[in-house]
Amino acid sequence: MAQSTAESRPEAIPHWYGDGDVLTLVDGDGVTVHDDDGNAYLDFLSQLYCVNAGHGEERIVDAITEQASTIAYVSSSKESDVRSTLAARLAEVAPGDLRDVFFSVSGSEANESAVQFAREYTGGRKVLSRYQSYHGATYGAASLTGDPETRNAMGRGAETTGAAKFFPPVVHRSPFDGDTPAAIARQAADHLEYVIQNEGPDSVAAVLMEPVGGTSGAYPAPADYWQRVRAICDRYDVLLIADEVITGFGRCGEWFGIETEGVVPDLLTFAKGVTSAYVPLAGVITSPEVAAHLHEEGIDVGQTFAGHPVACAAGVAAMDAYGDGLIENARARSAHLESRLRELERYDAVGDVRGRGLLWAVEFTDPETGDPFHHPWMDAGENPVDDVIDAAQRRGVLVGGGRP
């Protein structure tokens, strides 16, 4: 294994990522990464919920190399065999009748594209998304994001219009007063319907949600919530968009997280795990009705690097790896992960353990007040959650901190 050393590290040049006080990773193999001092770490977060096939997957590396040596770039106005192959593979595993694929580059752009398609198809301009959600950091995606820290950082989060919020169907510290998850599911769905009615159904193009909240804290919805939401969207001719940027490609034990809810969205966005993050790639998979409308009316915008052949080759190889037992492995290991994490509930500082598949969160709370330590409106100062993350790293485990 070739490794650089701290002495051979290149001279630091100012850039936006990294401040000199973080790990410099130089090598990876499977679920393990190494820093420039030769220390090994369990990559328990898959970097940013994205290296789903693990580091050093030779099938992906070989596919990238072969495609780059054949033809590295084909514009979106021309046909590319590898692009068509990946689109067909995605259509095979997409839920229900979703089939047409529009490629993008990042999850933010995929979500913005899905919103554009929904507006074009329905004629509505508003898109509803949840508080405690994350849909990207571009101006448009940030306006859809329900995380207050991201929204505030992006110019108070409303640089684009037509975004409205509704309460999430969370059970722990819920905004609803139901005594059971079933009651909360009903109240949360009724609340969404109330918002649609008051925004004006004809003005609402889509409801955009993550099947399981990602960086907002791995919140799964209570049973029957998604079925209720699907029925409400059908009732008012509103499209349902599933943001699968984090939950896709085995993260929740299925190809896509929405499959664990038993509903089919009208549009599905993907990114991150589609190439196991070896090359940036994202996109939208649409229903036949939406696809037919877009094909007839045309799409006026495009992206230079959308459907990049090298990225698509990585995607095909990543899907080979996922289909070769990785998704079944994720499903098989999820119960063990849940049981071990729930053992932490015996500690007073652990307020909640929640998630699905291999996407889980442990919420740390003040034992005296019950308030979470890690939230954006807390007073400035030391955060004990950061101490937990640092302690895990010293012990060779990389985890991340979200904001409930």
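A residue is called buried when its relative accessible area is under 20%, exposed when over 50%, and partly exposed in between (1.4 Å probe, protein chains only). The model discussed here is predicted, so local features need pLDDT of at least 70 and side-chain atom pairs count only at pLDDT 80 or more, while totals for chains, interfaces and linings use all residues. Residues are numbered from 1 along each chain as its sequence is written, and side-chain values use heavy atoms, with hydrogens and water left out.

Strand 5 and strand 6 are paired in the parallel sense over four bridges, and phenylalanine 166 in strand 6 is the bridge partner of arginine 130. Helices are DSSP runs of H or I with at least four residues, and contact means heavy atoms within 4.5 Å.

Helix 7 (residues 181–199) has 19 residues and should span 27 Å at 1.5 Å a residue, which agrees with the 27 Å between its end C-alpha atoms; the expected span is 1.5 Å times one less than the number of residues. Among the buried residues of helix 7 are Ala185, His191, Glu193 and Ile196. The buried residues of this helix pack against strand 5 (126–130), strand 6 (163–166), strand 7 (204–209) and helix 8 (225–235). After helix 7 comes glycine 200, with a positive phi near 100 degrees.

Arginine 119, in helix 4 (residues 107–122), is buried yet has no salt bridge, and the nearest side chain of opposite charge, glutamate 112, is 8.2 Å away. For such bridges, a side-chain nitrogen of Lys or Arg must be within 4 Å of a carboxyl oxygen of Asp or Glu; Lys and Arg count as positive and Asp and Glu as negative, while His and the chain ends are not counted. Leaving aside neighbours within four places in sequence, arginine 119 contacts Gly124, Arg125, Val127, Thr161, Gly162 and Ala205.

Elsewhere, charged side chains do pair, and the structure holds 16 salt bridges. One of them joins glutamate 363 and arginine 173 at 2.9 Å, N to O. Glutamate 363 lies in strand 12 (residues 359–364) and arginine 173 in the loop between strand 6 and helix 7, so the pair ties together parts 190 residues apart in sequence. Glutamate 363 counts as buried at 4% relative accessibility, whereas arginine 173 counts as partly exposed at 35%. Arginine 354 and aspartate 352, both buried, meet in a salt bridge of 2.8 Å, N to O. Arg173, Asp352, Arg354 and Glu363 are linked in a network of salt bridges.

Definitions and conventions. Helices (H or I, at least four residues) and strands (E, at least two) are DSSP runs, numbered from the N terminus. Two strands pair if DSSP finds at least two bridges between them.
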